Amino acid sequence: MAGPANSLITWIGAVVRAHPRRPALVHERTVWTYQQLWDRAGAVARRLLALGLRPGQAVGLIGANELDYVANYFGILRAAGAAVTVSHLLDAAAVKEQLAWVGARAVFVGQVDAVVRDELAKALPVLPMAAAPDAIAKGRLPSVGTSSPCAIMPTSGTTGRPKSVVHSQGTMLHGALQLASVFPYGPDERGVVFLPLYACIPEQVLPMLCSGGSLEILPGFDVERVADACTRATTFDAVPTILSRLIEHAPLSKLAHLSWVTFASEAMPVPLLQRWWEELPGVEMNQFYGMTEVLTLTAAPHHVLRTEPATVGRAFPTTALTVERADGSTASLGGGELLAAGPGRMRGYHEDAAATKAALAPDGSMRTGDLGQIDERGLVFLTGRSKDVIISGGINIAPAEIEAVAARHPAVERVVVVGVRSERWGETPVVVAVPRPGRTVTADELLDHCRSRLAGYKRPTGAGLIDSLPTTGIGKAAKDAVRKMITDGKIRLVRVR
């Protein structure tokens, strides 16, 4: 008899028992049922146990999107291990450092540069991402409880000491069920996965599979392939930068097959959201806000966004959000740094008690690093990241406020605001934008547009245009890269005359 479904892997197991023949994963003409996925995960688990994996030990995963990535992820969990999903965009030294830091016992390697594969093979057992499943052996796999380690998520490591977030089976399940309780996940839903699996498993794969739905796995983001997949799907998860590219370049007739979309990870320009509503009125837009350390914080379903398009929604019922004011006091309303507490909070940073303590407020709440406002209705409005705040002449400026103004220019597709050094003011804000296809705007016009609509101290001192913004692995605008391009002279700024 199966035990209670109080951990991520026991919950997925319960779904498998309820719907063994239901499609779970799809890639081109290959379809895996829930039972086939579960059996492959079991074979992976037994392979790891044969290597000597002990409960709680880390196992790495690195490669592009493919069905076996998901099977190996669940196989690690079925063996009572902790999955370490590493970006395949990193160089060999960074990958080795991240896996060494968490003491990885082995690593599944898929489509990566040969140099990365060879370097990893010098340090630990390398297992092929896509391997023929072993015969399903008899016998029990280790029991997995709510507090068992489940995932170790690297949050840095390209420079300096790595920092890795540890989540348990319980916290990961809680995050997935929070999303599934608010958005329309269910057995009849089919999602398209094009964000890298190393980043999107908690926010897209888990809530869908915990709900009995199916996922079509694409190797990555490509406008044409995503649009074609939408004709067979009901939903996908994206970031605003990708939503902008799709609404500009994908056939609307194909996107219109969708029923709903979720998005997160960076600020959503209100004009972009309104454009989706205007051109695809049958597709509901839903936003959530979370972070690696807490997973899910707020949700803004479609009906909330239609009323307040600038909000990231309300806190989930099991998540407590407060603000820490400049004087160090906390409150449930007002503005400041957002603090979060709840069952989805991380166990801590791997073997880094000092970093864990520094990230927590005295009451144990997580310091999000995000600045925001909570109004009397409980709606949360983000104003920026504390590390991105521009301090000009001793005054704090939130880039998000300037970005919201710049995004309202009809010829602007995407925009970011960063701080640049100033001998007089310390630093000042500058605007970098991507023009909409077929529309014309000059840097001077963009600068005038922003300066005429902002208070004096918030006015940008420069503006530049670029064909496309540099992005992170999941498609977010990479502000650090933009700053470097300005410093290196790759983005020419027009300055205030």
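## Close-up views of a predicted model

**View 1. A bridge between S24 and S25.** Val-415 has Ala-433, in S25, as its bridge partner. The model shown here and in every view below is predicted. Strands S24 and S25 pair in the antiparallel sense, over ten bridges. They form a hairpin, with three residues between the two strands. Seven of the ten residues of S25 are buried, so this strand is largely enclosed by the rest of the structure.

**View 2. S25 beside S26.** S25 covers residues 426-435 and S26 covers residues 462-465; the two pair in the parallel sense over four bridges. Val-430 stands opposite Gly-462 in S26. Ala-433 stands opposite Leu-465 in S26. Ala-433 is also the bridge partner of Val-415.

**View 3. The nine-stranded sheet.** Another open sheet has nine strands, in the order S2-S1-S10-S9-S11-S12-S13-S14-S15, with mixed pairing. S2 and S15 (314-315) stand at the edges with a single partner strand each, so one side of each has no neighbour in the sheet. S1 and S10 run parallel and are joined by two bridges. Within this pair, Val-26 has Glu-216 of S10 as its bridge partner. Helix H2 (residues 34-50) lies across S1 and S2 and runs at about 80° to S2.

**View 4. The largest nonpolar core.** This core holds 118 residues. Which of them touch the most other members? Phe-74, Leu-209, Phe-236, Leu-243 and Trp-276 do. Helix H7 (residues 197-210) gives the most to the core, with nine residues. Apart from this core lies another, of 21 residues, which includes Val-84, Val-102, Val-107 and Val-112. In soluble globular proteins, nonpolar side chains tend to be buried together.

**View 5. Around Phe-74.** Neighbours within four places in sequence are left aside here. Beyond them, Phe-74 is in contact with Ile-9, Ile-12, Leu-37, Ala-41, Leu-206 and Leu-209. Leu-209 is, like Phe-74, among the residues that touch the most other members of the largest core.

**View 6. H1 against H7.** The axes of H1 (residues 8-18) and H7 come within 9 Å and cross at roughly 45°. That angle makes H1 oblique to H7. On the H1 side, the residues in contact are Leu-8, Trp-11, Ile-12 and Val-15. They meet Leu-206, Leu-209 and Cys-210 of H7.

**View 7. The buried face of H8.** Helix H8 spans residues 223-230, and its buried residues are Val-223, Val-226, Ala-227, Ala-229 and Cys-230. Seen down the helix axis, these residues fall within an arc of 160°, so they line one face of H8.

**View 8. Glu-28 in its loop.** Glu-28 lies in the loop between S1 (23-27) and S2 (30-33). Glu-28 has a positive phi of about 50°, although it is not a glycine. Most residues other than glycine have a negative phi. Is Glu-28 buried or exposed? Glu-28 is exposed, with a relative accessible area of 57%.

**View 9. Glu-351 in its loop.** Glu-351 is found between strand S19 (348-349) and helix H13 (353-359), in the loop that links them. Its phi is positive, at about 50°, and Glu-351 is not a glycine. Glu-351 is exposed, with a relative accessible area of 63%.

Conventions. Residues numbered from 1 in each chain as written. Predicted model: local features only at pLDDT ≥ 70, side-chain atom pairs only at ≥ 80, totals over all residues. Heavy atoms only, no water. Core = buried A, V, L, I, M, F, W, Y, C linked by side-chain atoms within 4.5 Å. Buried < 20%, exposed > 50% of the residue type's maximum accessible area, 1.4 Å probe, protein only. Contact = heavy atoms within 4.5 Å. Pairing = 2+ DSSP bridges. Arc of directions from axis to C-beta. Axes fitted to C-alpha atoms, helices over the stretch in contact; angles between N-to-C directions. Parallel < 35°, antiparallel > 145°, perpendicular 65-115°, else oblique.
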